[in-house]
Amino acid sequence: MNKKVFFPFVLILVSCLFCGLALSQTGTKKKRPLPYEYGRVVIDNYSNKADLAPVVFEHWIHRSMFTCRVCHVDIGFAMKAGATDIKAADNAHGYYCGTCHNGKMVADGKPVFQACSRKASMDDEKRCERCHSYGLKVASDFDFFQFSQPLPKERFGNGLDWEKSEELGLINPATFLPGVSPKKNSLVVQKDFALNAKVEGMPDIIFSHKKHTVWNGCELCHPDIFIGVKRGTVKYSMVDISQGKSCGACHTTVAFPLTDCQRCHTKAVQP
Amino acid sequence: MVNPTFFKGKFFTARLVTTTVSTTIIAALLFLGLAGLCAVPAIGEPSASAAQADTTQESWRTEFDNVCAKTEDAMTFSQEELMDLIRRCDTLQPRIEKLDESRKKVFLERLRKCRGLYAYVLDAKTKEKN
Amino acid sequence: MAACGILFLADFVSAQIYLPKPAPAPSEYGKVILDNYAGAEPGAVVFDHWLHRSKFTCRVCHVDVGFAMEAKATGIKASTNREGFHCGACHDGKRVFEGKTVFAACSDAAHDQQCDRCHSLGKKGVRKYEYKEYTAKFPKGIYGVNWEVAERSGVIKPIDFIEGLSVKKAPMKSREDFTVQANYSWVHPIEFSHEKHSIWNGCELCHPEIFPTAKKGTVSYSMFSNIEGRYCGACHGKVAFPLNNCQGCHAKAPSWVP
């Protein structure tokens, strides 16, 4: 066997041996984020290039004050980390984070700190670190324990029943941002409907449009996340969902996670 | 009948020069006047142009807000109304593409979502009819 | 000649990877060493499954508390324990269990510190419970305690609900047992019992993370992946009965004698 064939042959053989090990991603139970970590998004499009730590965005603070639609439709954030392509200039001009983080908007009786000012100096370091905090020990204005104390609890995710919290009036997410959101009429709600589970014995899913549209409106999901127009034409498998498609766009990282089966599979199985 | 001696001698030359100068002056005055008349519609008065620019600036935003405020009612519209909204979105797109980087990025995405929803609902209604 | 040599080497190397290793001694089986942050002082944590699984179902720790199923993957820190997460969910110095207060994990108070009870790697005489004495009365199998029989006979009564942590949910109907055909025709099929698994695991422990629910036959669960610690191997490699116990799954297979 000449050298030209020998080495590639060995290389291929060795690669085949270790190929399986290298590719193993599924089939194990990974670390579950702690309640205050759930919904955390790390954004690092340009931070490193600007010599700043990547941005850490906590969903729980923001979702208690705003509906999903305000940020993901009216302001225009994407639904995947890094996909929005936020730049300091965008923030400084009053877009994306800068829509509210402009030093002028008032929330909780205090002005909201400014994100990415046009001319940053060394004194601004503390302010920059409020967001650019990945790997740093930065004290937050908001404490998850204090925040979550009065709220009704659920399992998994943030450990909170966000739905019930809103029902009870303990949180009041805003649906409108002046100067940003177009003035809309009240929503014509679509009916709830059942989705048949493919697996025999699994309770059917009762999907509530009302519960979803209260926070999302229509265009957050349609057609980007749910493209099918006729019920029953698109099959949603748990494999796809756990990879972030359809329901998994929210129910893997921010809304209650997939491990909570009965939250969706609610229809009692007929005996 | 002009006297032939009219065109001879120093006197004639002086008179010719005077005539040429006055002609030039009159012609120049006429030209400026004409140019002035044309310029007003071309350039416009300073205050009028600023106002015009303002309305151009804000009009795309007003149109955007008008078109995309209706997404929550999308299911109640007829197919013609939806097609009209989609057409208005398509008209808005080139106007938004001319904006600065930040606004272009934000509003193109918002427009895409808004147009996408109308197209989606139109598709649903069309399939339902058939 | 060289080709033969290469092939032999490849065979030898692949055998190291693809055959289940001999199972460790019963007292060592299920031992998890955690040394993410402990360093030299107070030293790595030794977690023995046999003590906790005799008292709690797998579900309580791996679903309600939220531990990962790979060593060191959870990323437990002293600070998270003190906050009441992970070990601190029970080991908080307040919870009363079996008439005694459960000691606080990573306690701040100097008089309350019992570090060596967990940070016991390489240290002798610091642990409260020892395997031999603790499991003396438990029914035994080939590879140590037969946990299934222990529970059925009532010797152990694993708890499935922790006050203040677990959330009561309407029970879901357990699926029927079914047979899984092996990839090779000469291997006996696997008799899989959902009921036996869901008593301890519920549904959420396995689904959808370990077993993404897919149409039967679309996902291939091979012995290779089991030995790597995926799918069945997530439990049946380190904690539940080991893969060496062929008849545990391949029920009708005869004992294989080399």
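**Notes on chains A and C**

1. The model is a predicted one, and a reader may wish to begin where two of its chains meet: 40 residues of chain C are in contact with 29 residues of chain A.

2. On the side of chain C that touches chain A, the elements that give two or more residues are helix H1 (2-18), H3 and helix H8 (223-227) of chain C. Of the elements on that side, H1(C) gives the most, with seven residues. By residue class, the side of chain C that touches chain A divides into 22 nonpolar, nine polar and nine charged residues.

3. Within chain C, the domain assignment gives domain 1, which covers 31-134, and domain 2, which covers 169-258. The centres of domain 1 of chain C and domain 2 of chain C, taken over C-alpha atoms, are separated by 28 Å, and the contact takes eight residues from domain 1 of chain C and eight residues from domain 2 of chain C.

4. Helix H3 (residues 58-65) of chain C supplies four residues, the largest share, to the side of domain 1 of chain C that touches domain 2 of chain C. The residues on that side of domain 1 of chain C divide into three nonpolar, three polar and two charged.

5. Turning to chain A, there are nine helices and six strands in this chain, and 26% of its 271 residues count as buried. Among the contacts in chain A between residues at least 6 apart in sequence, 50% join residues at least 24 apart.

How values were computed. Residues numbered from 1 in each chain as written. Chains lettered and ligands numbered in written order. Predicted model: local features only at pLDDT ≥ 70, side-chain atom pairs only at ≥ 80, totals over all residues. Domains from an automatic or database assignment. Contact = placed C-beta atoms within 7 Å. Nonpolar A, V, L, I, M, F, W, Y, C, P; charged D, E, K, R; others polar. Buried ≥ 20, exposed ≤ 12 C-beta atoms within 10 Å, placed from the backbone.
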